[in-house]
Structure formats: structure tokens, C-alpha cells
Amino acid sequence: MKANDPDKIAGSAPETQYDNWKTINWDKVTKRVKLLQQRIVKATKQGRYNKVKALQWLLVHSFDAKLLAVKRVTENTGGYTAGIDGELWYPSKKLEAAMSLSRKGYKAKPLKRVYISKKNGKKRPLGIPTIYDRAMQALYLLALDPVSETTADTCSYGFRPKRGCADAIARCFVTQAGSNRAEWVLEGDIKGCFDHISHKWILQNIPLDKMVLKQWLKAGFIDKKKLFPTEEGTPQGGIISPTLANMVLDGFAKTLDDEFNIKTWKNGTRYRNKYKINLVRYADDFIVTGRHKEVLENRVKPIIENLLAERGLQLSPEKTHITHIKDGYNFLGQNLRKYTDHGTMLIKPSKEAIKSIRAKIREIINNNKTASAANLIMQLNPVIRGWCNYHRHVVSTDTFHSLDGYIWMCIWNWAVRRHPKKGKKWVAKKYFKPTSYSKWVFYGRTRGEKGKNVHLVKACKTTIVRHVLIKGGANPYDPEWDDYFIRRERFYKDRKTLVAKQISKHKAAG
């Protein structure tokens, strides 16, 4: 073994340290990888990109990073989906798989093309890489993500650690609620973002091993046993693709700030913003606020179009609009609108989101006409909880009550249809029971000797909790922000406990 073998450099766990996947100390593995990521952040902030490149090389040759990469691709839901080679990694193969990850001689295989349905009835193409290629992407993502998070726009919230849709919506509220805020909104949507990103731009601007990056971009895909080359775009379905797309779209906020001479204090407060320009982006969906419609139409929109053109992209004419805040607009499943001249702004679930959840519930019930009540409940509960938890940060109380009424009607029709010769009182007694918070709770009992009663959750019992917006510059890979994230996690943990106590107290009061 050469003295400068990157696999044996300090900070990298030797491959002989573990003889069994179950004996791996994941806390130590994660800690050693995080230390390297913190060094990458520091070098990026200092503008020392040669140092960044050297540290990235060190990280992707670290056995610790290889272990984490294999762990990620085998322990998520995608770990049971094979690529074109049909290969999967079971527990007995994981350690061997980690040892096999290597840049030397690496050649990415074509993606397996699959299609998933979109809300508009169209099909979205996805590319499924082989599990080896997914692991390589996960490995190099560990080296790229610290750079991406350090250079990212502070107003970007999609596919980033510690951020999500709730932060994007909260940012919209901060920039638009109030009588002195912007009244016009440019709703932007990028046409086929993942499919048309320029490979040339990515290779010239993304700080990652060009040889490996080119392998993924040029891998092609197989559809109906035919190989199709890829000359543009990033593979939808690849682990690293969302981060690549984010880095392609980063820099828009700074360009707009420079164009309108907007300044920002160290605490994130913006000033000299006389046109009230604010960008909020979640992946390829974004909005830009403005004081006047003409500013958005004649200055902001052309700037964005030019930036997109440099990257091989363009705005979607059908989905890009300029809207007055009093007319309202939809963003990430929410409807944002001002209802008075005093700046009162309400954010509610959009009509499309409500229509979608109702259709989903109706589909589940119609597909389970002969299922037991318990089985139906166990299919409905995760869907109801998930939708309500997503919308619990906005003005959703009336929507939740309305959804409960719709669900009750569908369940009642399901129950009556099962017993056409029984009276309504008999049906009500068999499938519904009163509780401390409702007289009509749909319930059932699971089968078996240890069967237990299960009941359908009520959407209206979801507690409305306002989301606290994450600070724009917060970086989970930067040690300067460690205390902030610790306090933030403690805050949410304490608030969750408090909400649980309030719910218990409410139920006890009956």
C-alpha cells in the first residue's frame, strides 16, 4: 500500500476495522465524515477551491463515507428498487459493496426508465440508476453538499437539509404580509427543468470530479429495451440530481439584488429595497415579489429568462404569471392572498390540494369495497395524517373540518353499500362509536387472537402550529451554526411535547 493512498489518510476508517455490518459504530463514522465536511465548508468560505478539491478527494476515498453511502441507498425505500442490472445489496453484501466503491475504472450504466403519473394526467419520466451508481452518487454527494449549502441562495428551500416547504411558505408570509409589502407576484415555473439543464454549464460550474460527473450526465437511459443517449438534463431519480439542479439555479437572488442595488445586513435584514424585490424558491418553483407589475414584467422577468438561457432552461409560458396579491396565487399546495387593504394575509390549503386529497381518499375507499373496516382505516390514516401535518402550519381549521365531513360521507356510503338489507341504525352501531370528541368515529378491529380496535383519525384534531422560519444563512455543515440547530431542534421537541399535553388535557376534559 502506497504511503499516500487516500483510503489510508488520517480521518478515514481502515477497511479492515469492521468485519460485520452490524458491528459498525455509526456515530463515529458520521462524526469523522462530518469533520471532513466542515473543513470543506471552511475552505469554500475562504474561496480556496483547490483546497476544496483536495478535501473532496479525501472524503470520497474515505471508507467512512463509503459506508454511509451504502447505508443510505440500502436503507431507504429505493433500496428495494433495482436498476437495469437487477442487482440489490442485502445485509451480507453491504460491507463488500462499500469496499467496492471506487473511481478507478468507474463507468456508469444506463438508467432504467419508468413513468409516474402527474396531477395533470401526464406522465413524469424517472430514471432508476443501478444500486452501485446510486451508491457512487451518494458518496460524491457527501462531498458536494457542504459546498452547495455554503454557496446556496438564502431564499432557496427545496431539497436542502433542515429546510422544507413550510420554510418557503413562511418566507412568503414574511415578505408579503403587511400593508407596506409588495402587491405583485411573479409566479415562475421552469419548463422541464431536470430534462434540459445544460451539461456544459454543469461541467464548467459544479465543483465536483468532472470524470465521475460526466459519467452520470452521459449515461443515457433504457426504455422498452432501447438505449437513448442523454445530451442534456440531469437524471430524475438520481440521488445527486436535486443538489445539481439547486446549484444550477443558485445565484438568481444575488443577480436580482445587484440589479436593484439591494443590500443585506449580517443578520439577514434587507434594505434599500425600494421595489420590494424578494425571491422565494423551492426547487424549480419560485415566486418573485415586486412593488409594481411593470417592474416584474420589464426588468425581473427578462433577467431570469437570461439566467435560465445560460443554463439551457426557459420559463414555462403556461405556468408563469404575474398576479396581484388580492387575487391570490397558489404556491406549494397553499393559496396565499390578501383580503383587506390593511395587509391582512391568509394562507390556506389551495383548492387543487383539497381536490387532490379528496380524490385520493375516494380512490382508497373505492378500491377497498370488500376490505374489513380495520384494513380500510389502516390505509386511510397515514394519508390523512400526512396531508394534515403538511397543512398544519397555515389557516387550515375550516378545511380540516370540511375534510372530515367529506370523509364521513364517503365512509357512510361505503358502510351502507356493504349491508343493503340492514337498517341505518344497525350500520351506525356496527361501524361507528361515540368518543369524548365525536359521536361518529369510524372504527374496526384487526384480525387474530391479539386483534385490537383501531379508529379513523379526525383531521380536525390536528393542532395548528405556526412554523418558525429557518435563518437564511443557516448551514448544517458549518460548525458556527451547530448551536443554532441544537436550539432549534430542542425548541421543536419541547413544543411537540407541549402540544401532546394540550391534546391529552382536551381529551380528558371531554
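A residue is described here as buried when its relative accessible area is under 20%, as exposed when that area is over 50%, and as partly exposed in between (1.4 Å probe, protein chains only). The structure is a predicted model, in which local features need pLDDT of at least 70 and side-chain atom pairs count only at pLDDT 80 or more, while totals for chains, interfaces and linings use all residues. Residues are numbered from 1 along each chain as its sequence is written, and side-chain values use heavy atoms, with hydrogens and water left out.

The protein chain contains 17 helices and 16 strands, taken as DSSP runs (H or I, at least four residues, for helices; E, at least two, for strands) and numbered from the N terminus. Its radius of gyration, taken over C-alpha atoms, is 26 Å, close to the 24 Å given for 510 residues by the globule rule (2.2 Å times the number of residues to the power 0.38), so the chain is as compact as a globular protein of that length. Of the 510 residues, 48% are buried.

With a disulfide defined as a pair of cysteine sulfur atoms within 2.5 Å, the count comes to 0. The residue C410 is buried, because its relative accessibility is 12%, and its sulfur lies 15 Å from the closest cysteine sulfur, that of C388, which is too far for a bond. For C460, which counts as partly exposed at 29% relative accessibility, the closest cysteine sulfur is also in C388, at 8.9 Å, and this distance is likewise too far for a bond.
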